[in-house]
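Good morning. I will talk about salt bridges today. Please look at the sequence and the model first.

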Amino acid sequence: MKTNKSFVILTCFVLLVVILAAVNISAIVAKIGNGKMILSVEKGDVIERSIRVINDNNISVNITLFSAGDLKDDTKIIDESFILSPGEEKNARFSINITKDNGTYTTKINVQFTPIGENNTLEKNGAGLSSTIITKVGDGGNNDEIIEDRDNQNDFKLESWMMVLMLTTLLLVVVLLLLLYYSRKKRKKGVVKVNNGGKK
C-alpha cells in the first residue's frame, strides 16, 4: 500500500512540474506605451509617429510590427522587426501617407512579441497587442491626442489561465483514475484471500 501511495505522490509531483513549466514558458508579457492615437491631418500629409514597445520579460523577445485597417496600404512600418533585451524598450517608428479624402479612418499597428530561446531561435509561444491609430482627415491638421501607458495583456493572461485550468483538470483526472485503479486492485486481492480461506 505504501508503494501505491508513493507512486500516486510521484505522479502528482511530475504533473505539477509539467504544469509549472508550461505556465513559465507561456507567460510572455506584451506591453506597449501608447495604445491609441488620434491624429488630425490633411490630405497629402505624410506623418511619422512611433509606438513605445516595452520588454518587461526576463528573456529577450523578437518584436514584429504589421499594419491593418483602413490605411493599411498607405502605412509603412519603418522599424518592422527588432529584438529587445530584458527590460529594454524602443520607439518603433511608422509613417502614414494620407491619400484619402476627408473623413475618419481607423488603422491598427499590431505588435507581436515572440520569445527567443536557446541558440537565438524563436519559440512558438508569444503574445500580441495593437495600437489603434484614428486618423481624422480634413480636421484642422496635425493636432495629436495620444493615450499613453496602456498595458493590456488581458487576452494573453486569459489564455494562460485556460491552460493552467486544463492542465490542473487533467492532473485531477489522472489522480482519480489511479486511486480507482488501486482501490479495485485492493478489493480483488481481498476477494482472492477470502476465497482461498474458504477453500482451506
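Lys43 is partly exposed, at 49% relative accessibility; buried means under 20% relative accessible area, exposed over 50%, and partly exposed in between, with a 1.4 Å probe and protein chains only. Its partner is Asp101, and the closest N and O atoms of this salt bridge are 2.7 Å apart. By salt bridge I mean a side-chain nitrogen of Lys or Arg within 4 Å of a carboxyl oxygen of Asp or Glu. Asp101 sits in the loop between β7 (89-97) and β8 (103-115), and Lys43 in the loop between β2 (34-41) and β3, so the pair ties together parts that are 58 residues apart in sequence. Strands (E, at least two residues) and helices (H or I, at least four) are DSSP runs, numbered from the N terminus. Asp101 is partly exposed as well, at 48%.

A note on the source: this is a predicted model, where local features need pLDDT of at least 70, side-chain atom pairs count only at pLDDT 80 or more, and totals for chains, interfaces and linings use all residues. Residues are numbered from 1 along each chain as its sequence is written, and side-chain values use heavy atoms, with hydrogens and water left out.

How many salt bridges does a search of the whole structure find? The search finds four.

Another one joins Glu89 and Arg52, with the closest N and O atoms 3.5 Å apart. Glu89 is in strand β7 and Arg52 in strand β3, so this pair ties together parts 37 residues apart in sequence. Glu89 has a relative accessible area of 41%, and Arg52 is at 22%.
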